[in-house]
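Please look through this note with the model open beside you. Take the points in turn and find each element as you go.

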Amino acid sequence: MVNIAVFASGSGTNFETILSHIEDGSLHVNCACLIADKENAYARVRARNHGVEEFYFNPKGYDGKAGYEAAILEVLKEKKVDLIVLSGYMRFIGHTLLSAYPNHIINLHPAYLPEFPGAHSIADAYEAKVAQTGVTVHFVDEGVDTGPIIRQERVAINPSWDLETLESHVHAMEYDLFWQVIEQVAKSIEEEKE
């Protein structure tokens, strides 16, 4: 079975959805650990509630990104992690992790890339008054939300929605799509191993 590590910075609602799919048997991976870059990230509480080991790494506690990622990499190797899953992780992945996990880091982005890259994509789509936005899961490369796209789905925007309503529709699509893509990528990793 493929071992995943989930990286999160915030509340961890997508992380919780992943865990519930693992627990109900619909997602066939093992969540080896959670990596958090914020001490008060609620995702850490969710991890503990589900019996998943969690690790907090303070980016300010290291001499640059390389040192920070090298410390994380030690844990990933110890846990025999095959796939890194970025779930609301608000930090760019650097060379250390990219070179250790080529095409084995995936990210969930709340827009239909290449539309609305960056940190505020739902608000950006809302303010642009577009007819639709979406959700994308992609492999991570050196760029900002530029890696090869694995799967994406559209979310139609009702002009009467406020930003909060749009956010809830985008998040609902994320919860539905992300675990399915993790399953798909994990299957291809298992085939590589054979």
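**Notes on a predicted model**

1. Start with two helices. The axes of H1 and helix H6 (residues 163-193) come within 9 Å and cross at roughly 55°. H1 and H6 are therefore oblique to each other: angles under 35 degrees would count as roughly parallel, and 65 to 115 as roughly perpendicular. Their crossing is right-handed. On the H1 side, the contact is made by Thr13, Asn14, Thr17, Ile18 and His21. On the H6 side, the residues are Glu174, Tyr175, Phe178, Trp179 and Ile182. Please keep in mind that this is a predicted model.

2. Now turn to another partner of H1. Helix H1 (residues 13-23) packs with helix H2 (residues 42-49) at an angle of about 15°. The axes of H1 and H2 are 9 Å apart. Angles under 35 degrees count as roughly parallel, and H1 and H2 are therefore roughly parallel to each other. The crossing of H1 and H2 is right-handed. H1 brings Thr13, Phe15, Glu16 and Leu19 to this contact. H2 brings Ala43, Arg46 and Ala47.

3. Next, the sheet. In what order do the seven strands of the open sheet stand? The order is E3-E2-E1-E4-E5-E6-E7, and the pairing is mixed. Strands E3 (54-56) and E7 (149-156) stand at the edges. Each has a single partner strand, so one side of each is left without a neighbour in the sheet. From one strand to the next, the twist averages 20°.

4. Look at strand E1 next. Is E1 enclosed or open? Seven of the seven residues of E1 are buried, so this strand is largely enclosed by the rest of the structure. Val2, Ile4, Val6 and Ala8 lie on one side, and Asn3, Ala5 and Phe7 on the other. Both faces of E1 are covered.

5. E1 pairs with E2. Seven bridges join E1 to E2, and the two run parallel. One example is Val2, whose bridge partner in E2 is Val29. The chain gets from E1 to E2 through H1. This β-α-β crossover is right-handed.

6. E1 also pairs with E4. Strand E1 (residues 2-8) and E4 run parallel and are joined by four bridges. Trace the partners in E4 one by one. Ile4 has Leu83 as its bridge partner. Ala5 has Ile84. Phe7 has Leu86.

7. Stay with strand E4 (residues 83-86). Which residues of E4 lie on each side? Leu83 and Val85 are on one side, and Ile84 and Leu86 are on the other. These four are all buried, and both faces of E4 are covered.

8. E4 and strand E5 (residues 105-109) pair in the parallel sense over three bridges. Leu86 stands opposite Asn107 in E5. Together, E4, helix H4 (residues 95-100) and E5 make a right-handed β-α-β unit.

9. Check Ser87. This residue is in the loop between E4 and H4. Is Ser87 buried or exposed? At 5% relative accessibility, Ser87 counts as buried, because the cut-off for buried is under 20%. Leaving aside neighbours within four places in sequence, Ser87 is in contact with Val6, Phe7, Ala8, Asn14, Phe15 and Phe178.

10. Finish with Val135. This residue is found in strand E6 (residues 132-139). At 0% relative accessibility, Val135 counts as buried. Neighbours within four places in sequence aside, its contacts include Leu108, His109, Ala111 and Tyr112. Also among them are Arg151, Gln152, Glu153, Val170, Met173, Glu174 and Leu177. Now compare positions with His21. Val135 and His21 are 114 residues apart along the chain, and their C-alpha atoms are separated by 19 Å.

Notes: Residues are numbered from 1 along each chain as its sequence is written. This is a predicted model: local features need pLDDT of at least 70, side-chain atom pairs count only at pLDDT 80 or more; totals for chains, interfaces and linings use all residues. Side-chain values use heavy atoms; hydrogens and water are left out. Buried means under 20% relative accessible area, exposed over 50%, partly exposed in between (1.4 Å probe, protein chains only). Two strands pair if DSSP finds at least two bridges between them. A crossover is right-handed if, with the strands pointing away from the viewer, the path from the first strand over the helix to the second runs clockwise. Axes are lines fitted to C-alpha atoms, for helices over the stretch in contact, and angles run from 0 to 180 degrees between N-to-C directions. Angles under 35 degrees count as roughly parallel, over 145 as roughly antiparallel, 65 to 115 as roughly perpendicular and the rest as oblique. A crossing is left-handed if the near helix is turned anticlockwise from the far one by less than a right angle, and right-handed if clockwise. Contact means heavy atoms within 4.5 Å.
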